Amino acid sequence: MRVIVLLTIVVFVIGCKTNRIKDNKRVGLWIETDSIDGSVYTSRGRYNKGIEKRTWKYLKNGQVYKKEVYRDSISKTTFYYPNGKKMLEGNSTLSHEGEYLHWYYDGKWHEFDTLGMMTATRIYVKGELINPEE
């Protein structure tokens, strides 16, 4: 029985291809890794017809520093401090500009201190900060 379960898991893992392109658009699971200034950055998430879907996680040296949850044309984005507490949280909105897609900060974005207490709220409209604080 254990052998069957193990074989099933191996076949499933081998059958899951990553970083695929179909009709010139990204599809399925994507995992990308890059090294910058001695740090290793990894992003992991899914595409459907070239557009990000569901949950994406971004790691620096194995620790999550950003998470995005996509639903239709809105992304809830959260940035994290190295201690795992929220640093910044808000929504982005997808805009179709000709043949290009662009994500803009939109609505209320909340800033937090290293203990997780909210310290400020900033409001954006199509990527433009409309209530700057000093």
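Over the ring of which residue does the charged end of R26 sit? It's W30, with the charged end 4.2 Å from the ring centre; a charge counts as sitting over a ring if NZ of Lys or CZ of Arg is within 6 Å of the ring centre and within 35 degrees of the ring normal. K66 does likewise with Y58, at 4.4 Å from the centre of that ring. This is a predicted model, where local features need pLDDT of at least 70, side-chain atom pairs count only at pLDDT 80 or more, and totals for chains, interfaces and linings use all residues. Residues are numbered from 1 along each chain as its sequence is written, and side-chain values use heavy atoms, with hydrogens and water left out.

As for aromatic pairs, the whole structure has 8 of them; rings of Phe, Tyr and Trp (its six-membered ring) pair if their centres lie within 6.5 Å, with planes under 30 degrees apart called stacked, over 60 edge-to-face and the rest tilted. W56 and Y58 are stacked, because their planes are at 25 degrees, with the centres 6.2 Å apart. W109 and Y124, by contrast, pair edge-to-face, at 80 degrees and 6.5 Å centre to centre. W109 is buried at 1% relative accessible area, and Y124 is buried at 15%.

Technical notes
Buried < 20%, exposed > 50% of the residue type's maximum accessible area, 1.4 Å probe, protein only.
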